[in-house]
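Please look over the sequence and the structure before reading on.

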Amino acid sequence: MAIELLSILSPLGEWHDYTPWILADEFSVSDDDVDSEQTVRIKKDAEMRREKLAEKWNVGVALIDFPHRLCAQLFTDLRQTFFEARVFTPLGRQQKKFYCSSRPASLGMVLNDNEEDIEWTKVKFNIHAK
């Protein structure tokens with residue numbers, strides 16, 4: 001059984017698994033803390049007073065050369081204001097609401113005048129927990 005690295009719930013309610021196209025060394029996750037405005041460093045002894053509000057996952061993804069049809073599907077999934085995604089992390093699979101604000105892609109190869117023969121390259125994006 002293969003590990004699911006990234007699946008996104010589409011606007012039509014279908015899960016799309018992008019794991020087979022992810023470049024392993026270009027898949028990264030960070031687990032960031034969100035501190036309140038009450039978090040400060042106390043100056044006399046440098047002790048930290050901290051009030052953590054939440055934890056927020058950020059995921060960086062780059063894909064191998066990607067067929068046009070699947071790239072269109074991915075961009076449709078990522079352009080949702082917020083979307084449900086399942087992400088593999090050091091703590092196991094996390095399912096949360098995410099958003100994506102930038103989705104670059106470069107035209108890789110055009111073999112014919114048929115969309116089926118077009119590939120996109122350098123598809124790379126970051127998703128951020130809501």
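P67 has E119 in β11 as its bridge partner. This is a predicted model, in which local features need pLDDT of at least 70, side-chain atom pairs count only at pLDDT 80 or more, and totals for chains, interfaces and linings use all residues. Residues are numbered from 1 along each chain as its sequence is written, and side-chain values use heavy atoms, with hydrogens and water left out.

**The sheet with β7**

- β7 pairs with strand β11 (residues 118-121) in the antiparallel sense over two bridges; strands pair if DSSP finds at least two bridges between them.
- Helices (H or I, at least four residues) and strands (E, at least two) are DSSP runs, numbered from the N terminus.
- The order β7-β11-β10 describes an open sheet of three strands with antiparallel pairing.
- β7 and β10 (106-110) are at the edges with a single partner strand each, so one side of each has no neighbour in the sheet.

**Strands β1, β8 and β9**

- β1 pairs with β8 in the antiparallel sense over three bridges, and the bridge partner of I8 in β8 is A85.
- β8 also pairs with β9, again antiparallel, over seven bridges; here E84 has K97 in β9 as its bridge partner.
- Six of the seven residues of β8 are buried, where buried means under 20% relative accessible area, exposed means over 50% and partly exposed lies in between (1.4 Å probe, protein chains only).

**Nonpolar core**

- A nonpolar core is a set of buried Ala, Val, Leu, Ile, Met, Phe, Trp, Tyr and Cys residues joined through side-chain atoms within 4.5 Å.
- The largest such core has 24 residues, of which L6, L74, F98, F125 and I127 touch the most other members.
- At least two residues of this core come from each of β1 (6-9), β6 (52-62), α1, β8 and β12 (124-129).
- The most is given by α1, with four residues.
- Beyond its neighbours within four places in sequence, F125 is in contact (heavy atoms within 4.5 Å) with residues including L6, L74, L78 and C100.

**Aromatic rings and charges**

- Rings of Phe, Tyr and Trp (its six-membered ring) pair if their centres lie within 6.5 Å; planes under 30 degrees apart count as stacked, over 60 as edge-to-face and the rest as tilted.
- The count by this rule is three aromatic pairs.
- W21 and F66 are an edge-to-face pair, at 5.7 Å centre to centre and 80° between the planes.
- This pair links distant parts of the chain, 45 residues apart: W21 is in the loop between β2 (15-17) and β3 (28-35), and F66 is in strand β7 (residues 66-67).
- W21 is partly exposed, with a relative accessible area of 22%, whereas F66 is buried at 0%.
- F82 and Y99 are also edge-to-face, at 6.1 Å centre to centre and 85° between the planes.
- Ring pairs join Y18, W21 and F66 into a cluster.
- A charge sits over a ring if NZ of Lys or CZ of Arg is within 6 Å of the ring centre and within 35 degrees of the ring normal.
- R86 lies over the face of W15 at 3.8 Å from the ring centre, and K130 lies over the face of F82 at 4.4 Å.

**Cysteines**

- There are zero disulfides in the structure, a disulfide being a pair of cysteine sulfur atoms within 2.5 Å.
- C71 is buried, with a relative accessible area of 5%, and C100 is buried at 8%.
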